[in-house]
Amino acid sequence: MNRSSFKIRAWILALLILLAFCMFSLRLMNMQVVDGASYAQEAKVRNSLVQTLQAARGELVDRYGRPLVVNESCFDIVFDKTAMIKGQDNEIILKMFQLFDEAGESWIDNLPISQNQPFRFVEGADSSVSRLKTFLELQEYATVEDVMLSLVERYELEEYLPLTQRLVAGVRYEMEQRGYSINLPYTFASNVSKQLVTTISERSDELPGVRESESTTRSYVSGDIAPWIIGLIGPIYQEEYQQLKETGEYQLNDQIGKFGIERAFESQLRGKNGQRRIEILNGMVENVIDEVEPMPGHTIALTIDKNLQAVTQQALADHVKMLNETAEEFKGREAEGAAAVIIDVKTGDILTAANYPTFNLQTYNQDYAQLSQDPLSPLMNRALNGAYTPGSIYKPGMAVSALAEGVLEDRYSTVTCNHIYTYYQDYQPQCLGFHGNINVMDALKYSCNIFFYDVGRRLGVEAINHYSSMLGFGQPVELEISAQSGQLASPELSASHGSEWVPGDVLQASIGQSETMATPLQLASYAATIANKGVRMKPHLVKSIHSYSFEEVLQQTQPEAACDMKLEPEIFDIVTEGMERMAEYGFAGYPIRVATKTGTPQTYGNFTNSTYISFAPADDPQIAVAVVVEKGGGEVCTPIVRKIYDFYFGLDQTDSTGTEQQLLLQ
């Protein structure tokens, strides 16, 4: 190649480089100057973020609008993965432990393993333990040591002491369960004091990714009032989320109703979350692109009368305490649990569903381990799910059956009671007294077994169960929350568990013994049906549903008859008169007419329960009451029912200490 040719090529190359440089310069100038604003805007859009605007959960009030559950503003402490330094999770968590311990506050920890050594699975948390083992891909027979070893390896906790391993693992496990990610912050603690929030804010440089978040918390105004009915909310578990995520309305860090009305009316209470799409520039919010406001959930008015519920719960507690302290052995001293249900006779509104012992929704999570191990089973909803042998309170229903079938022609029909029922040679049960010729009204007054043995034998089990079913025994209860259906003694039931039905079983079934069982709710409904002359109203717990502000009624529960026996009113007048005669023992001189029936059903060993039904006023019934006291020894429950009537009818506003109940309940 000659020198001249080389120079030409060099110039051409230089021109090409210069041309390329000019083109890049023009392009750069175009991007920075001409289209700079456009590209800057595009950069902002690429850093947009969608935020969820949490909808306020609907509140719960009693039948008169008095608050039961409300929302209160609070501060949460959350972990934000977008700002958390990778690999420092454990270090940050340990620093948080120190701050919370110094402030005397707690954080969220649902790991079902004790927080002290030797480690053990939390009693009563079998489903949570099973969920943990499944998550860690361990067998069901894995020990707590196996689980801890797996957690230590999973979260790289080998360098820490065992107690620290347990605490950190509790948080790390919960973070995974709640779906902690770039798009989903994790709530480390809820309802944190403002002072601790300030401390964490001041030390933000040491705690990257930790920030406060304004939120709402569920406040149970009177946490021990009907807690089984109201229910509780809690975190969503993985298996629950698999179903809920299809709705597109739930995230793993949301909370849902776990039991009671909170669960049954989750869709009404939850509301609908909103959305806000924002632009972020250099970590700062630059602009709100669009926003959809959240729609709060609905407020639900229960049929419960908050104050009457409180009076009933206290009456149960007082009665059991009195028996424990003053009754004789096997005659009430061993009394344990109790329940009472009050129903509006005309509408089926459940005014009270009370249990003893009780618990407090406000401290439920902290108390759960202790509550679940309590031998008195305070977590059991005896009022709706406790199945009890009714005993002699079954006799008014038997009287209705006998009068309806003509086994008793009228109120004057008698049966001879000579203390022993001698119809059968091989089975001759006794009565507590010698009543001679006795009619149905006095048979109810004196609770004569012989009278009801005889009419029961003549009726037969099929007729007995036919009328008992219409009165609500053994029937499914269509309630908003879970409620047992009980059972009726029958040859089929006996055969189902390998027993032979014999004639004596009919006699025992006729006085509410044998295998007949009912819940306090069913017993109250049964009493209300007699008071309502054979019309059994469908019981319910929700009176109405309102807009969140309570300004608009969205739904009203209409009274509905579950069964109309279509019997002559005279039949129920006769039975009511007999129950009024019995009320003379506990309500003599009472300012309103009361109808009652007591029961002393045998349970096991030497123990008997106390059962009681009543309605008032007997001449124009408004409410019906059923009470059961476990191992009550047959002690009459009149003191409980008198307190209920005193309060409901405004007859006595003063309790036994002279303190006005109204003041206590405000």
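In α18, the buried residues (under 20% relative accessible area, with exposed meaning over 50%, partly exposed in between, a 1.4 Å probe and protein chains only) are Val461, Ala463, Ile464, Asn465, Tyr467, Ser468 and Met470. This comes from a predicted model, where local features need pLDDT of at least 70, side-chain atom pairs count only at pLDDT 80 or more, and totals for chains, interfaces and linings use all residues. Residues are numbered from 1 along each chain as its sequence is written, and side-chain values use heavy atoms, with hydrogens and water left out.

Helix α18 spans residues 461-470, and with seven of its 10 residues buried it is mostly covered. Helices (H or I, at least four residues) and strands (E, at least two) are DSSP runs numbered from the N terminus. The cover over the buried residues of α18 includes the helices α15, α17, α19 (491-496) and α20 (503-510), along with the strands β15 (535-537) and β18 (561-564). Just past the end of α18 sits Gly472, with a positive phi of about 110°.

Zooming out, the protein has 24 helices and 21 strands. Of its 666 residues, 49% are buried.

Helix α15 takes part in two helix pairs. Axes here are lines fitted to C-alpha atoms, for helices over the stretch in contact, and angles run from 0 to 180 degrees between N-to-C directions. With α17, the axes of α15 come within 10 Å and cross at roughly 45°. Angles under 35 degrees count as roughly parallel, over 145 as roughly antiparallel, 65 to 115 as roughly perpendicular and the rest as oblique, and α15 and α17 are therefore oblique to each other. The crossing of α15 and α17 is left-handed, a label used if the near helix is turned anticlockwise from the far one by less than a right angle, with clockwise giving right-handed. On the α15 side, the contact uses Lys395, Met398, Ala399, Ser401, Ala402 and Glu405, and on the α17 side Asn449, Phe452, Val455, Gly456 and Leu459. Sorted by class, the contact of α15 with α17 has six nonpolar, three polar and two charged residues. For that sorting, Ala, Val, Leu, Ile, Met, Phe, Trp, Tyr, Cys and Pro count as nonpolar, Asp, Glu, Lys and Arg as charged, and the others, Gly among them, as polar.

The other pair joins α15 (residues 395-405) to α22 (residues 569-587), at an angle of about 145° and with the axes 10 Å apart. This crossing of α15 and α22 is right-handed. Pro396, Ala399, Val400, Leu403 and Ala404 of α15 meet Ile571, Phe572, Ile574, Val575 and Met579 of α22. The class count for α15 with α22 is 10 nonpolar, no polar and no charged residues.

Next, the backbone. Most residues other than glycine have a negative phi, and most peptide bonds are trans. A cis peptide bond links Gln117 to Pro118, with omega about -5°, and Pro118 lies in the loop between α3 (89-103) and α4 (126-135). Another cis peptide bond, between Tyr356 and Pro357, has omega about 0°; Pro357 lies in the loop between β12 (350-356) and α13 (364-373). Glu137 sits in the loop between α4 and α5 (144-154) and is exposed, at 72% relative accessibility. Ser447, also not a glycine, has a positive phi of about 55°. Ser447 belongs to the loop between α16 (440-446) and α17 (449-459), and its relative accessible area of 17% makes it buried.

The search for disulfides (pairs of cysteine sulfur atoms within 2.5 Å) across the whole structure came back with zero. Cys417 is in no disulfide, its nearest cysteine sulfur being that of Cys448, 3.7 Å away. Cys417 is buried, at 1% relative accessibility, and Cys637 is buried with a value of 1%.

Finally, Gln428 sits in the loop between β13 (414-417) and β14 (436-439). Its relative accessible area of 35% makes Gln428 partly exposed. Leaving aside neighbours within four places in sequence, Gln428 is in contact with Ile420, Tyr421 and Thr422. Gln428 and Gly504 are 76 residues apart in sequence but 8.5 Å apart in space, C-alpha to C-alpha.

How values were computed. Contact means heavy atoms within 4.5 Å.
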